[in-house]
Amino acid sequence: MALLKNRYVSLNETAEPKEKKSFFASLFSKKDEKPEVKEPPKKDDDIPAGSVKCPDCGSIYDKKELGSLKICPKCARYYRLNCKERIRLIADKDSFEEFDANMQPKDPLNFPGYAEKVASLQEKTGLKDAVITGKCTIGGFPAVLGVMDSGFMMASMGSVVGEKVTRAFEYATANRLPIVLFTCSGGARMQEGIVSLMQMAKVSAAAARHSEAGLLYITVLTDPTTGGVTASFAMLGDIILSEPKALIGFAGRRVIEQTIKQKLPDEFQHAEFLQEHGFVDKIVDREALPYTIRDILKIHSGKGGEE
Amino acid sequence: MMPAYDKVKIARKVSRPTAADYIEHIFEGFIELHGDRNFRDDKAVIGGIAFLGDIPVTVLGIQKGKNMEDNIACNFGQPHPEGYRKALRLMKQAEKFGRPVISFINTSGAYPGVGAEERGQGEAIAKNLMEMAALKVPTVSIVIGEGGSGGALALAVADRVWMLENSIYAVLSPEGFASILWKDAKRAKEAADLMKITAEDLLELGVIEKIIKEVDGGCQNDFGFTANLIKGKLEMEIPALMQKPVDELLDERYARFRKFGEFTE
């Protein structure tokens, strides 16, 4: 593991100030306690500064009222969390050590505008691509943790997402650890063409080896989990959890509506729909997720849990 | 070289030989086996047992029709989850009896419909990817027309992947790609040029190991020529793969897919 270990720079090492504040330097820092609202309301002149308007119920309130869970205080709508916010909610304080922090995409198709788009999103989000992976403890139980971020090209899966998730599985297999993945994704990253499609096979093969080793894999489906991520690692968990009302599906709603020439009901492809059809084990409220995951890890301890 | 979109047109020709045509020509004593033992028989996926020379094999194919009636029966080659689950059932059966698996790929993609979503299209494909990656018998997949996205990959996580000269294999149709990235499906031709979907491009990328020749204008003009080539190549490849110890076979398959990805760190 010595070779592997070099690749994983621990949180404390990256926390040193650099010319630009690194993603993980800010992860657990005090100043950053207030979550930033990533989905600003539509430009509406009557919304005061520092307030947000819920896209579902239309209520206007101070950003602070969303709290670290980012749930609408009026209608309980879940705002999407970025990976930084998610890791803070799930991992025990100061326990997260990131893997492969510097991996970034190339441009296999020389697709016009792709490199620029990646660069501008890196600047905007502080991420190198759409997933963060690492190890941590959850309620005291060690686990590998991966979190996707819809703020980066709708968390589409290209080479970096595929490689980081594959390495996370390989690390978990080699170290006999359970793995917990929070998924969200628009699907395969079109700009990387067939290379993106091959990531589905690559990650699934790594998941197979983790599973054969008798280790636990938990997926938590969050809004939205679709396309090639649904059709690969999102649906391969031993236990599949979901946040309420998350959109989960293979084909996009618009594509299905065009194919069948009918409007689909609102609840189609929601987490509740999937649970009813037998594809989600349990829908868990956001505030309860760390405890539910801890409890599942505890039941499996000794089987890819705490040994 | 022929423009990529011209290959797309040949790959989609209604007169192009189907999976059933190849199965009938290449194998002896094919016995079709139906159903996923769960929901129903999906005619977009055919499968069964046969002999390749004197080697018992399991054969799978995604089936397109050549006329409207056949196409309605096989849903234009767009499988539902039960199609992928049938394929998986037959692959696990092949594993039990130590038979190599040969699959013929020809689909624009998995069917995007209400029933398909209700019955877990994503889960069905995901499961196939995971199980195929670990299947303890040799596997060869041949793209004979369209290799459309996850719906094609679900039968193509194989030790060897080959493509006919005028077939295509892509993350999405050029129309879908252009529609997503440029909001304009009419730019499909331009998309096809960029996407690296031809057999030549994919051989260079290492996505496939072999290109199988077709006569000018496409294999519908001389089916026997292409089918005999496939037969000859399978008769070489399958016994060679069967010689490998299972661990070696699985490690090589893992490495085959592990290598994909372009990134810096």
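A salt bridge is a side-chain nitrogen of Lys or Arg within 4 Å of a carboxyl oxygen of Asp or Glu. Keep that in mind for the views below, since the structure, a predicted model, holds 34 salt bridges over all chains.

**View 1. A salt bridge within chain B links Lys66(B) and Asp21(B).** Look for the side chains of these two residues, which meet with N and O 2.7 Å apart. Lys66(B) sits in the loop between β3 (55-62) and α3 (68-73) of chain B, while Asp21(B) belongs to helix α2 (residues 19-26) of chain B, so this pair ties together parts that lie 45 residues apart in sequence. Side chains of opposite charge can pair when their charged atoms come close.

**View 2. Chain A meets chain B.** Here 57 residues from chain A and 49 residues from chain B take part in the contact. The size of an interface is often given as the accessible area lost when the parts come together. For chain A and chain B, the buried area is about 4500 Å², with 71% of it on carbon and sulfur atoms.

**View 3. A salt bridge crosses from chain B to chain A.** How many salt bridges are there between chain A and chain B? The count is four. One of them joins the side chains of Arg258(B) and Glu170(A), at 2.7 Å from N to O. Also between the two chains are 15 residue pairs in polar contact, counting pairs with both residues at pLDDT 80 or more. On the side of chain A that touches chain B, the elements giving two or more residues are β4 (104-105), α5 (159-174), α6 (194-212) and α8 (253-260) of chain A. Which of these gives the most? It is α6(A), with 17 residues. By class, this side of chain A has 31 nonpolar, 17 polar and nine charged residues.

**View 4. Two helices of chain B pack together.** Helix α8 (residues 174-182) and helix α9 (residues 188-195) of chain B have axes 8 Å apart and an angle of about 100° between them. Angles of 65 to 115 degrees count as roughly perpendicular, and α8(B) and α9(B) are therefore roughly perpendicular to each other. Residues making the contact include Phe177(B) and Trp182(B) of α8(B), along with Leu194(B) and Met195(B) of α9(B). The contact of these helices has nine nonpolar, no polar and two charged residues.

**View 5. Chain A has two backbone details to spot.** Most residues other than glycine have a negative phi, and most peptide bonds are trans. Yet a cis peptide bond joins Asp223(A) and Pro224(A), with omega about -15°. Pro224(A) is in strand β8 (residues 217-225) of chain A. Arg176(A), found in the loop between α5 and β7 (179-185) of chain A, has a positive phi, near 50°.

Methods: Residues numbered from 1 in each chain as written. Chains lettered and ligands numbered in written order. Predicted model: local features only at pLDDT ≥ 70, side-chain atom pairs only at ≥ 80, totals over all residues. Heavy atoms only, no water. Axes fitted to C-alpha atoms, helices over the stretch in contact; angles between N-to-C directions. Helix = DSSP H or I, 4+ residues; strand = E, 2+ residues; numbered from the N terminus. Parallel < 35°, antiparallel > 145°, perpendicular 65-115°, else oblique. Contact = heavy atoms within 4.5 Å. Nonpolar A, V, L, I, M, F, W, Y, C, P; charged D, E, K, R; others polar. Buried area = accessible area lost by both parts, 1.4 Å probe. Polar contact = N/O pair within 3.5 Å; in protein donor to acceptor, adjacent residues only side chain to side chain.
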